Amino acid sequence: MKEINESEFESEVLQSNKVILDFYSTECPPCEALATKYEDLSKLYGNEIKFLKIFRQNNRDLADRLGVKSSPTLLFFRDGIEVAGRLTGGIKRRDIIKNLDSMLTDEKVALIKSNIRPGVSEYDVIILGAGPGGLTAGLYLCQARINTVLIDISLPGGHVSTTHEVSNYPGFIEPQAGYMLSHNMSEQTKLCGTVYKVAVDITRVDLDRKEVVIDEYETVKARKIVIATGTTPNLTGASGEKELKGKGISYCATCDGKYMDGKEIVVIGGGNSAVEESEYLTRFAKKLTIVHQFDKLTANKKAQDKVFGNPKISVTYNSEPRVFKKDGDKIVTEIENLKTGVKENLISDGVFIFTGMKPNIGLFDDKLELDKWGYIRTDEDMRTNIPGIFAVGDVISKKYRQITTAVADGTIAAMAIAREMD
Ligand SMILES: Cc1cc2nc3c(=O)[nH]c(=O)nc-3n(C[C@H](O)[C@H](O)[C@H](O)COP(=O)(O)OP(=O)(O)OC[C@H]3O[C@@H](n4cnc5c(N)ncnc54)[C@H](O)[C@@H]3O)c2cc1C
């Protein structure tokens, strides 16, 4: 794998046969999660396809010329022509493999796959998800000398790692950078001895047999599983959103905010995340418009005060986005006033969407009991309806979703498991 710069793009990319190119940034958790998979895949495919990386912050002209608007972005080239479709955001291993395979003959693909050796490992407890809930469960289980593995599709930290500042986690007088708080939580759990399998693809989860298959070929077995998979941002439902994701529409202010120097931003949402991340984005942007569906913001008073005192931020109430489309380098957001039906176009350099969350339960079978919003029901010890399966944090049915409440759930589940395993 090689790091290149803009001046080498012609010789290393355009004049080569088969190339995959990773535009990455710093302070970008999805970029770090990709780096592990990229390294791993370069060992498998490296003889057939050239694996290159380029630092987006230092090569902005090239990124702009190629229309790279989000970190990380993977581009695939054959004989100097871009092929196979770009990948961006939280990139899955299987999607990279699909694109890489499409550049090779069937025989070459079969040969590469024959080099992969399936493996099986066994633990007392599998924790799925390494956000605050999973990390805390991992810490307590490890300190109780219970053999535990933490599995995450991304890097450890969960939502905290992409939150610019956390001011309400007890024990810190000053607000903490989210990535530092999550880093410290993760290091504490790792140092104790919990095994980490992170930035992996989860191929299959069997809750009855307590088995998880990762990266297609590795089976992890345990006596108990803790589900701590948290939530994922909702899509707005406006047309063009999926197409422009990573090409002007972002869900991560810490990842993409730094490319907004002197630019204009539209933020969709009006809750705590939208308001707090807007405040952060104005470190870079010259103007920011919040579009909110109700007639007042739903964020807490402290967060609202910051926004109303910020001259760069204005709020458009009672409105929802209907269409996102590109006009040259700009993003056009068509919004509709829900009271009058009047439509209006907002022109900006980038759109950030913070419109609530949905639980990450897609991989679990339908035997899990859920509430009417799809969150997992648990008892007071965090047990689900399936024996040996616990759930903690934002993914469970509860009233308040915060770092402190996820940490509390993780503690309770681990203590209940430790008692059962005595
Ligand atoms: C922008 C923003 C700002 C916030 N600010 C604050 C704040 O200031 N203070 C506060 O207390 N709370 C804040 N919150 C809420 C807080 O971050 C969450 O309540 C907390 O992170 C929940 O922890 P969790 O462990 O349940 O889930 P998460 O933090 O969501 O972590 C879940 C983990 O599971 C992983 N995962 C997902 N699917 C799978 C799968 N299938 N298999 C394995 N792993 C999987 C994810 O990659 C992730 O690492 C904020 C949230 C957001 C979005």
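In the predicted model, helix α10, spanning residues 272-281, packs against helix α11, spanning residues 301-308, with axes that come within 9 Å and cross at roughly 35°. The crossing of α10 with α11 is left-handed. On the α10 side, the contact is formed by Val 275, Glu 276 and Glu 279, and on the α11 side by Ala 303, Gln 304, Lys 306 and Val 307. Sorted by class, this contact comprises 3 nonpolar, 1 polar and 3 charged residues.

Helix α2 contributes Leu 34, Lys 37, Asp 40, Leu 41, Leu 44 and Tyr 45 to the contact, while α4 contributes Arg 93, Ile 96, Ile 97, Leu 100 and Asp 101. Of the residues in the contact of α2 with α4, 7 are nonpolar and 4 are charged, with no polar residues present.

The ligand is surrounded by 29 residues, and the closest of these are Gly 133, Asp 152, Asn 168, Asp 394 and Gln 402. Three elements, α6 (132-143), β8 (148-152) and α12 (403-421), each supply at least two residues of the shell around the ligand. By class, this shell consists of 11 nonpolar, 15 polar and 3 charged residues.

A polar backbone atom of Pro 132 lies 3.2 Å from an oxygen atom of the ligand. For His 159, a backbone N or O atom is placed 2.9 Å from a ligand oxygen atom. The side chain of Asn 168 positions an N or O atom 2.9 Å from a nitrogen atom of the ligand. Of the 1000 Å² of accessible area that the ligand has on its own, the protein covers 91%.

Two local features of the backbone were also identified. Most residues other than glycine have a negative phi, and most peptide bonds are trans. The peptide bond from Ser 71 to Pro 72, however, is cis, with omega near -5°. Pro 72 is located in the loop that lies between α3 (60-66) and β4 (73-78). In Arg 145, a residue other than glycine, phi takes a positive value near 60°. Arg 145 is situated in the loop between α6 and β8, and both of these elements supply residues to the shell around the ligand.

Key: Residues are numbered from 1 along each chain as its sequence is written. This is a predicted model: local features need pLDDT of at least 70, side-chain atom pairs count only at pLDDT 80 or more; totals for chains, interfaces and linings use all residues. Side-chain values use heavy atoms; hydrogens and water are left out. A residue is near a molecule or strand if one of its heavy atoms lies within 4 Å of it. A polar contact is a pair of N or O atoms within 3.5 Å; within protein, one must be able to donate a hydrogen and the other to accept it, and residues adjacent in sequence count only if both atoms are side-chain atoms. Accessible areas come from the Shrake-Rupley method with a 1.4 Å probe; for residues, only the protein chains shown count as cover. Helices (H or I, at least four residues) and strands (E, at least two) are DSSP runs, numbered from the N terminus. Ala, Val, Leu, Ile, Met, Phe, Trp, Tyr, Cys and Pro count as nonpolar, Asp, Glu, Lys and Arg as charged, and the others, Gly among them, as polar. Axes are lines fitted to C-alpha atoms, for helices over the stretch in contact, and angles run from 0 to 180 degrees between N-to-C directions. A crossing is left-handed if the near helix is turned anticlockwise from the far one by less than a right angle, and right-handed if clockwise. Contact means heavy atoms within 4.5 Å.
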